[in-house]
Amino acid sequence: MVLKVFFPSCCSSADSGILIGRWIAEQNSAVILAVVHFPFIPVQVKQYLGEVQRVTKVSVSVLGSWSNSKQEKEESLSEFLEDLGTIFCHEPWIQISKEGDSKFWSCSTLQKHSKNPQEEEIILVYYDQRKVMLSHLHPPLDTAGQRTGDASKLSAIFDTVARSQVLFMTDRYDEGPVKLTHWQSDGVEASIIVELLKQASVPACMLLTLLLSLVSGICRSRVLKFWPLSFLWSKLSTCEQLGHRLQHLQVISSNKKAQNQNQLMRKANIFVSLLIDVALGMLLMSWLYRKNRIGHLADTLIPAADHVAEELQDLLQWLMGAPAGLKMNRALDQVLGRFFLYHIHLWISYIHLLSPFIEMILWYVGLSACLGLTVALCILSDIIALLTFHIYCFYVYGARLYCLKIYGLSSLWRLFRGKKWNVLRQRVDSCSYDLDQLFIGTLLFTILLFLLPTTALYYLVFTLLRLLVVIVQGLIHLLVDLIDSLPLYSLILRLCRSYRLAAGVKFRVLEQQDGKPLRLLMQINPLSYGGVVQTYRLPTYSCYPRDSWASLCKKLFLGELIYPWKHKGDKQN
């Protein structure tokens, strides 16, 4: 039968003493947690193990003896360590020692109370207590009823080390009744600041939760559900981003403890994302209010708007002539061109009317960067939408007119074939038409067909302009969601402490010789980058939510509207 001994690598240089740990009889394994140094009093050791077992709920006991050849100079010490098996009464009694200056280790077992002692094959597995405890490969602590079923798995070893965390977090300067060697944390002295921050975070989180509950209550009030406040809240990306950040703050300030590692990682990712977002926003705000950059931006905004309006006027003048040598319907071309030119004139008047207040508006808008870079980017997206509102109006007019003609031509084409669209059954049925209906349908079909190229050209030009604006807004929203959804904390852990994102373990052979125990090193397999990003997947985007590219091309051909940039699915981390 194979005996597996899991030995902490930090105890390799410990003084001679006894091994304390947990014996897992189901898989014939011994998990060594620490080494008690000589000299010691057996009664004090038993009392200490009783206190550890009461706190950690782990059946800790003395499993064997540890002999370091550099420390062992008298034969009486080795004999004393062997006789300890009769005092603590554990079967089998494990003896681990180092053979002089050799790199090989000897590990044997004694079964004094067994009538038929059997020689066992021993596998000595070294592990890192810190990495095993922080890798979270053990079963959750709240599933106590499932620990018996997991006893035959390797997770029982991880569970043993994780539940013994109190043993490792002792004060390194407090020796206590017995002197131990195990992985030593920074102790109480190094965690004073952390403990003070934990104590101060409780009232801070309670105050933040109260403020957020008040804000969320105001946001859920009936006043904001009436038009036009409800319309602005649903259309402005700034309001949408503020709503998402409000949800993120509620998740972070919640006093509920994370139930599992995924919830803890989600909270940490949101917290790091908020910190980086606010830091970038403060940098942007300091850059804007330095050297009067807001004034220079306001001075260049009006000339830029005038330049865009002049370019649109030149484009409309080109469309009212013979664009690319195409023969257009002159009457319809002149009517559409003058209609759009009048809208541009109204837009220029509107911009110059707001010109005295633009610098003040930009000054107050710049203050919103203290809420985060994402809020500033969303405000920039809304400003672009407002400044290009005339392009959106042109696109809507052209799309509606083009859509009307397309559906009129398709309906008249069914009339020539003796068909009609059944609205109730949502299908095409046969129908007989008289001579007058066919004559009027022929006239209307001819008129719409000859007017279609002029309408299609205006629709094509304004659709391209609208798509250009949508692409710019889409890039801004992609940057916003990259900051919101990128698992920065997970990536930092993957680079610095990969064992915190563990995907499994692997064993490496240290030495193998006949008559000697097989020595293995247990290493933590870190989670790959793909797994980290897949766990916190970024949202996917499309100009048409829930539509494919084929459906998008079909809607563009039919003249249906392209709505502002929207996202698929949830935007949370």
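These are my notebook entries on one protein chain, a predicted model.

**Entry 1: whole chain.** I began with the totals. The chain has 573 residues, and 40% of them count as buried. I found 19 helices and 14 strands. I then took the contacts with a separation of 6 or more; 70% of them join residues 24 or more positions apart.

**Entry 2: strand E7.** I turned to E7, residues 121-127. Is this strand mostly covered or mostly uncovered? It is mostly covered, with six of its seven residues buried. I looked up its pairing with E1, residues 2-8. The two strands are parallel and share seven bridges. Within that pairing, leucine 3 has isoleucine 122 of E7 as its bridge partner. E7 also pairs with E12, residues 518-526. Here I found four bridges, again in the parallel sense. Isoleucine 123 stands opposite leucine 518 of E12.

**Entry 3: helices H11 and H12.** I looked up H11 (residues 293-319) against H12 (residues 330-354). Their axes come within 10 Å and cross at roughly 175 degrees. Angles over 145 degrees count as roughly antiparallel, so H11 is roughly antiparallel to H12. I then listed the contact residues. On the H11 side they include Ile302, Ala305, Asp306, Ala309 and Leu312. On the H12 side, Asp333, Gly337, Phe340, Leu341 and Ile344 are among them. I sorted the contact by class: eleven residues are nonpolar, four polar and two charged.

Notes: Residues are numbered from 1 along each chain as its sequence is written. This is a predicted model: local features need pLDDT of at least 70, side-chain atom pairs count only at pLDDT 80 or more; totals for chains, interfaces and linings use all residues. Side-chain values use heavy atoms; hydrogens and water are left out. Axes are lines fitted to C-alpha atoms, for helices over the stretch in contact, and angles run from 0 to 180 degrees between N-to-C directions. Angles under 35 degrees count as roughly parallel, over 145 as roughly antiparallel, 65 to 115 as roughly perpendicular and the rest as oblique. Contact means heavy atoms within 4.5 Å. Ala, Val, Leu, Ile, Met, Phe, Trp, Tyr, Cys and Pro count as nonpolar, Asp, Glu, Lys and Arg as charged, and the others, Gly among them, as polar. Buried means under 20% relative accessible area, exposed over 50%, partly exposed in between (1.4 Å probe, protein chains only). Two strands pair if DSSP finds at least two bridges between them.
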